[in-house]
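Hello,

Here is the structure I said I would pass on. My notes on what was found in it follow below.

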Amino acid sequence: MSSLFTQIAKLHIPAMAAPNPSTLLPLESLKHSLVNTELVDKCIGSRIHIIMKSDKEIVGTLLGFDDFVNMVLEDVTEYESTPEGRRITQLDQILLNGNHITMLVPGGEVLD
């Protein structure tokens, strides 16, 4: 499995590229191995697409994270699916609880 993570770490994903399933970082595997957080560390300063356990997706610039994968992001756009449609919120900076994150997409943007 480490060879898969090695391959992902070597990928360069343009900021506007559609997510490629081979570049997705499943969060559960990150929480159970400190080695895998090195992949997230390589995303610091870059745009990242975060899929939450709720009906929210977040895109922002990763400033930092801790061992529990709590994340600080800036220049954030939050996308929320509601019964009325998609709600988009712009935020300057946020702190995300790592327990609510499902998946990370380095360099990803939300598709319409």
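Which side chain does that of Arg87 meet in a salt bridge? The partner is Glu80, with 3.8 Å from N to O. Please keep in mind that this is a predicted model. Arg87 itself is partly exposed, at a relative accessible area of 44%.

Salt bridges

The search of the whole structure turned up two salt bridges. Lys56 has a relative accessible area of 27% and is partly exposed. For Glu78 the value is 15%, and because buried means under 20%, Glu78 counts as buried.

The nonpolar core

The largest nonpolar core has 15 residues, and those that touch the most other members are Ile50, Met71, Leu73 and Leu96. At least two residues of this core come from each of strand S2 (47–52), strand S3 (56–65), S4, strand S5 (85–96) and strand S6 (101–106). As background, nonpolar side chains in soluble globular proteins tend to be buried together.

Leaving out residues up to four places away in sequence, Leu73 touches Ile48, Ile50, Gly60, Thr61, Leu62, Leu63, Asp92, Gln93, Ile94 and Leu96.

Thr61, one of the residues touched by Leu73, lies in strand S3. Thr61 is buried, with a relative accessible area of 13%. The side chain of Thr61 makes a polar contact of 3.4 Å with the side chain of Arg47. Apart from neighbours within four places in sequence, the residues in contact with Thr61 are Gly45, Ser46, Arg47, Val72, Leu73, Glu74 and Asp75.

Thr82 is found in strand S4, which covers residues 71–82. Is Thr82 buried or exposed? Thr82 is buried, since its relative accessible area of 18% falls under the 20% cut-off. A polar atom of the Thr82 side chain lies 2.5 Å from the backbone oxygen of Gly85.

Regards

Definitions and conventions. Residues are numbered from 1 along each chain as its sequence is written. This is a predicted model: local features need pLDDT of at least 70, side-chain atom pairs count only at pLDDT 80 or more; totals for chains, interfaces and linings use all residues. Side-chain values use heavy atoms; hydrogens and water are left out. Helices (H or I, at least four residues) and strands (E, at least two) are DSSP runs, numbered from the N terminus. Buried means under 20% relative accessible area, exposed over 50%, partly exposed in between (1.4 Å probe, protein chains only). A polar contact is a pair of N or O atoms within 3.5 Å; within protein, one must be able to donate a hydrogen and the other to accept it, and residues adjacent in sequence count only if both atoms are side-chain atoms. A nonpolar core is a set of buried Ala, Val, Leu, Ile, Met, Phe, Trp, Tyr and Cys residues joined through side-chain atoms within 4.5 Å. Contact means heavy atoms within 4.5 Å. A salt bridge is a side-chain nitrogen of Lys or Arg within 4 Å of a carboxyl oxygen of Asp or Glu.
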